[in-house]
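Here is a short note to read beside the model. Keep the structure open as you go through the points.

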Amino acid sequence: MSKLPTSTHKGLFGGTHRLIPPEATVARVRGLLPIMGITRVANVTGLDTIGIPVVMVIRPNARSLSVSQGKGSELASARASGLMEAIELYHAEHITQPLKLATFNELRFTHRMVDVTVLPALSVSQFHGHYRTLWIEGRSLFDEGSTWVPYEMVHMDYTLPLPSGSGSFLMSSSGLASGNHPMEAVNHALCELIERDATTLFRLSGEEARQRRRVDPATVDDPGCRALLAQYARARVEVGIWEITSDVGVAAFSCTIVDSEPEPQRPIGPMGGMGCHPCRAEALSRALTEAAQSRLTVITGARDDVRHMGPQSLEEEFEAARRMRDTLVAMPRTHRFQDAPDFQGGCLEENHAFLLGRLRAAGLGEAVGVDLTRPQFGIPVVRVIVPGLEPLNDIPGYVPGSRARRRLSERAP
């Protein structure tokens with residue numbers, strides 16, 4: 001296992017901001033793959049017509065997802081993306097840190113506790129101050145102070161029965177991230193949480209407000225993003241892009257893709273991708289590549305849950321594709337890519353300070369990181385929790401938080 005990079009100055013590798021090239025990331029972790037149960041890294045790009053690199057990483061004995069996906073503008077980036085996603089899941093499935101089984105009221109006088117009143121609660125949650133559940137220690141990203149958070153928002157061990165006291169808060173992989181440096185992992189986790197919050201708020205906005213954020217692709221001036229759009233055009237795939245940046249002020253985009261001419265015998269319904277990053281070009285690149293990944297996830301059949309609420313037959317899939325194609329063609333594109341905020345931090349510390357500053361400016365003054373890194377592996381892995389940010393609203397059991405309720409109240413009757 002090679003040493004972690006000491007410099008925090010970023011480079012641009014394969015269309016993404018990273019400390020080291022993706023080939024070096026893959027080389028660093030290759031020897032650990034058998035230990036973590038990774039048996040295969042499959043290049044599935046050729047199963048679709050788009051050509052944006054996508055890989056599948058297989059862990060047959062996983063305790064959550066047995067298949068992870070990776071994407072990028074180059075195959076090496078996709079491999080690094082997929083491997084790091086599988087590795088971070090492994091870490092969250094095999095947590096070794098000490099836990100406390102106690103009620104909130106038993107701990108709150110002697111421990112600094114996260115603000116549980118603004119965490120994403122389950123619709124069937126029974127949580128209260130005297131409810132016994134498991135807690136794990138994290139560190140505030142603002143002042144480094146010890147802060148205890150619900151264990152069920154950190155781990156990814158979904159084998160049954162679930163740990164004692166489960167069923168209070170939403171469980172998902174949001175805010176779980178890895179990197180070549182601890183701060184790289186933390187920044188990636190923060191961007192993901194801000195992206196999920198922005199996506200939910202955008203979905204809950206009125207139709208007119210959403211249409212106004214449709215981006216004119218002709219205004220996209222980043223060479224990497226233009227190359228991705230050209231790949232979609234050559235594959236005759238229609239692309240819709242929306243800037244979904246929230247009041248947090250970190251650039252975020254959502255995109256939807258569908259065949260320009262859906263085929264009745266091989267219909268592929270509309271698929272989407274999201275991306276968030278201080279650099280608007282990186283945010284859009286993430287959304288564009290994730291859309292290609294989502295489509296190949298359906299084509300390969302790797303995830304049954306991706307389309308659990310979508311079309312169930314070829315006819316329904318074909319009609320869904322046709323409707324979305326017609327909508328994308330007819331909808332005006334009036335928003336400029338340059339209207340999205342853009343921050344070009346030269347190092348990880350600058351991006352970190354920017355992200356925390358934007359959260360604080362939006363009234364979100366708490367962020368907690370739980371370090372899941374294992375010294376014997378040396379791969380930085382972190383789970384970040386930002387109380388008050390909305391999770392994705394399509395997660396089963398979702399209950400709108402204060403930000404979502406405020407957005408709903410702003411909609412025109």
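This is a predicted model: local features need pLDDT of at least 70, side-chain atom pairs count only at pLDDT 80 or more; totals for chains, interfaces and linings use all residues.

1. Residues are numbered from 1 along each chain as its sequence is written, and side-chain values use heavy atoms, without hydrogens and water.

2. Start with helix 4 (residues 182-203) and helix 9 (residues 348-361). Helices here are DSSP runs (H or I, at least four residues), and strands are E runs of at least two, numbered from the N terminus. The two helices pack at about 30 degrees, with axes 10 Å apart. Axes are lines fitted to C-alpha atoms, for helices over the stretch in contact, and angles run from 0 to 180 degrees between N-to-C directions.

3. Which residues of helix 4 and helix 9 make the contact (heavy atoms within 4.5 Å)? Helix 4 gives M183, E184, V186, N187, L190, C191 and I194. Helix 9 gives L348, E349, N351, H352, L355, L356 and L359.

4. Look at N351, found in helix 9. Is N351 buried or exposed? N351 counts as buried because its relative accessibility is 4%. Buried means under 20% relative accessible area, exposed over 50%, partly exposed in between (1.4 Å probe, protein chains only). L19 is 332 residues from N351 in sequence, yet 13 Å away in space, C-alpha to C-alpha.

How values were computed: Contact means heavy atoms within 4.5 Å.
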